[in-house]
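Here's a quick briefing to keep open beside the structure. It goes through pockets, cavities, surface and salt bridges in turn.

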Amino acid sequence: MTTPHTLTTAESVDIRRVEAFLYREARHADENDYDAWEALWTDDAIYWVPACDTDVDPLTRVSIIYDNRNRISTRLQQVRTGKRYAQAPPSNLRRLISNVEILGTCESSGGDTDIEVGANVLVFESRARGNELWGGRITYHLRPDGDDFRLSYKKVVLVDHDKAVATLGFLI
Amino acid sequence: MTATVPVRAGLAGAGSPIDYASLIEPTRVHGSLYNDPAIFAEELEKIWYKTWVFVGHASEVPQPNDYVRKTLGLQDIIMTRDRDGEIHLLLNRCAHRANLVCDAASGNSGSFRCPYHGWTYRNTGELLGYPYNKGYGGKGKLDLAMGSVPRVESYHGFVFGSFAPDGPSLIEHLGAAAAEIDRLARLSPEGEVALDAGWLQHKTKANWKLLAENETDGYHPQFVHGSIFGVTGSPIGALYSDASTAVTRNLGGGHSENDLRPEFRKFAEPMRWFGTTESRVPDYVAKMRDKYGADAEQILIEGAPHVMIFPNLFIAEIQVFNIQPVSAGECVQHSTAVQLVGAPELNKRMISQSIGSVGPAGMLLADDTEMYERNQRGVELRSPEWLDVRRGVERETTDEGGFTIGTATDEVGMRGFWSHYRELMERDGTESGR
């Protein structure tokens with residue numbers, strides 16, 4: 001038996017445990033449970049939604065979202081004021097996560113070995129403005145943490161990344 | 001002559017001219033200006049396909065034969081740089097069967113080949129060839145070309161197009177707003193701006209004029225953006241408070257600005273405008289002092305402009321917006337980070353700050369956009385019919401340059417916008433240019 005802390009190969013990860021984590025993260029985002037969602041992230045987190053160019057250096061090209069842990073916190077503090085009008089009232093949301101695959105492992109800058117996971121996502125958003133369907137490909141980096149994981153990286157490439165998209169106020 | 005004419009929304013009858021004087025008064029404008037499809041159709045002809053409209057930046061096509069797809073009004077445009085370096089705005093339409101000639105978002109090519117029947121065009125729009133040419137009597141027999149925007153000019157690399165074959169030059173159109181672009185360029189130690197960090201495209205279910213009016217509305221930031229100012233401890237809110245010494249200025253020609261310089265001069269701290277201090281960006285400040293000598297201090301204190309250039313270019317200090325209409329009730333905001341040539345220390349920060357602020361998830365612009373979209377739903381309601389733009393009209397003054405100014409929160413910019421808009425819309429279709 002291996003403990004999660006000693007995992008070094010993607011093959012040794014139980015995909016059902018990975019999926020359970022992804023579904024939990026999705027549920028917190030759908031239910032606008034900002035505290036629970038924020039608690040999933042590691043201190044070196046990156047939350048990235050690229051724009052037109054999806055494989056560029058996010059330090060030299062603009063993205064829809066490119067948040068480090070500090071900016072995730074700022075984003076959530078703003079929405080918690082209740083006066084982040086793009087999310088006040090919050091969107092009604094439900095999303096499907098599917099096609100979950102463990103893609104391998106990767107080394108974080110701090111020397112941790114994270115599990116790289118790929119999945120597809122389809123989010124149905126309802127707001128007074130109208131309804132939106134957001135499709136995308138998500139790449140997650142999960143860091144083993146006891147019996148659970150923490151999220152160190154989430155990149156969401158929207159299917160519509162090269163088109164104009166509506167306000168993306170919710171947590172995708 | 002006129003048979004029964006259906007009355008449209010209690011205003012002018014369809015087919016008869018819209019009476020803009022009855023819709024645009026000095027201190028109020030009629031709600032139908034934001035949602036009437038007939039007015040939108042007329043705006044396309046009298047504004048978007050006539051005056052100078054911002055399209056893109058020369059830095060997006062830096063090399064000969066570079067091209068990038070753009071929009072101008074509802075037109076699908078290819079902005080090309082030909083082999084001699086000249087910039088063209090081509091309509092993405094084949095002269096044969098109107099197919100779209102170019103399907104890539106950007107690239108490098110001296111020619112375009114229509115996929116439908118293989119007609120090829122030089123990146124100047126000139127027809128190069130067509131397959132099986134005997135059907136046309138041989139090579140070079142057709143007097144056809146891609147459509148192009150007849151007048152293309154640029155200012156500090158900002159490329160504008162005008163569909164009017166003649167009329168005022170770009171510099172005449174920019175008028176006093178040109179000095180604001182100068183101010184932006186002067187923040188580069190090489191005097192040059194680039195807009196090469198890509199564009200965010202934000203779909204907005206609102207009339208484009210709601211955006212143009214909001215860009216220099218200094219009344220809303222404390223309310224719409226209070227959430228982010230409070231969380232980050234941003235000093236921006238104070239610039240738009242009742243106590244601010246900043247000025248809203250009607251620059252003429254529909255252009256307006258929030259001139260924040262009085263506030264920055266008060267503190268007289270270099271780089272305060274950028275939310276930092278000179279010790280945090282030492283290389284930049286040193287290069288600026290090298291380049292501008294005694295003037296550097298003032299440039300570094302006064303910072304970047306906040307200017308709305310009619311009808312669609314908004315420079316918000318370190319971000320640039322290109323607003324393009326889609327219909328009476330929809331538009332797209334294209335936004336990017338300003339990049340100052342020779343200022344790598346600032347450029348990365350400007351990209352990071354822009355990502356945080358603008359675009360579909362921006363912590364500022366997503367809230368502005370929510371307001372635009374709620375305004376648009378509001379104008380569908382039957383009364384009070386009018387939108388009020390009188391704020392500060394009683395305390396307007398004229399500055400030493402002869403421009404009308406008001407306080408930081410006054411609706412001086414909106415009144416300037418509407419006065420110019422009315423002038424354009426009241427012209428008949430045959431007049432050129434301005």
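Which residues lie nearest the centre of the second largest pocket? They are Asp162(A), Arg69(B), Ala105(B), Gln201(B) and His334(B), out of 35 lining residues. Bear in mind that this is a predicted model, where local features need pLDDT of at least 70, side-chain atom pairs count only at pLDDT 80 or more, and totals for chains, interfaces and linings use all residues. Residues are numbered from 1 along each chain as its sequence is written, chains are lettered from A and ligands numbered from 1 in the order in which they are written, and side-chain values use heavy atoms, with hydrogens and water left out.

**The second largest pocket**

- On a 1 Å grid over the protein atoms alone, a pocket is an open set of points with protein on both sides within 12 Å along at least five of seven lines, while a cavity is a set where a 1.4 Å probe fits but cannot get out; lining residues have an atom within 4 Å of a point.
- The volume of the second largest pocket comes to about 1000 Å³, volume being the space filled by probe spheres set on the points, which are joined across faces, edges and corners.
- Six strands of chain B each put at least two residues into this lining: S4 (66–72), S5 (75–81), S7 (106–108), S14 (200–204), S19 (319–327) and S20 (330–337).
- The top contributor is S4(B), with 6 residues.
- Helices (H or I, at least four residues) and strands (E, at least two) are DSSP runs, numbered from the N terminus.
- Sorted by class, the lining has 14 nonpolar, 10 polar and 11 charged residues; Ala, Val, Leu, Ile, Met, Phe, Trp, Tyr, Cys and Pro count as nonpolar, Asp, Glu, Lys and Arg as charged, and the others, Gly among them, as polar.

- Searching the whole structure turns up 5 cavities of 30 Å³ or more.
- The largest cavity holds about 60 Å³ of space, and its lining includes Asn32(A), Tyr34(A), Arg75(A), Arg84(A) and Phe170(A).
- Helix H3 (residues 69–80) of chain A gives the most to that lining, with 3 residues.
- The class count for the largest cavity is 5 nonpolar, 3 polar and 2 charged residues.
- The second largest cavity, at about 50 Å³, has lining residues from chain A, among them Cys52(A) and His161(A), and from chain B, including Trp199(B) and Gln201(B).
- Its lining splits into 6 nonpolar, 2 polar and 2 charged residues.
- Gln201(B) turns up in this cavity lining and also in the group nearest the centre of the second largest pocket.

- Leu96(A), Leu122(A), Phe124(A) and Leu133(A) make a nonpolar surface patch of about 400 Å².
- Patches take residues with over 30% relative accessible area and no salt bridge, joining nonpolar side chains (Val, Leu, Ile, Met, Phe, Trp, Tyr) within 5 Å and like charges within 9 Å.
- Accessible areas come from the Shrake-Rupley method with a 1.4 Å probe; for residues, only the protein chains shown count as cover.
- Leu96(A) sits in strand S3 (residues 92–107) of chain A and is exposed, at 59% relative accessible area.
- Exposed means over 50% relative accessible area, buried under 20%, and partly exposed in between (1.4 Å probe, protein chains only).

- Arg183(B) pairs with Glu257(B), with the closest N and O atoms 3.9 Å apart.
- Since Arg183(B) is in helix H3 of chain B and Glu257(B) is in strand S16 (residues 255–259) of chain B, this pair ties together parts 74 residues apart in sequence.
- Both partners are buried: Arg183(B) has a relative accessible area of 7% and Glu257(B) has 1%.
- Helix H3 (residues 178–185) of chain B is mostly covered, with 6 of its 8 residues buried, Glu180(B) and Arg183(B) among them.
- A network of salt bridges links Glu180(B), Arg183(B), Arg249(B), Glu257(B), Asp259(B), Arg261(B) and Asp399(B).
- Glu263(B) and Lys266(B) also form a salt bridge, at 2.9 Å between the closest N and O atoms; both lie in helix H8 (residues 261–267) of chain B, 3 residues or about one turn apart.
- In that pair Glu263(B) is buried at 5% relative accessibility, whereas Lys266(B) is exposed at 51%.

Technical notes. Salt bridge = Lys/Arg side-chain N within 4 Å of Asp/Glu carboxyl O.
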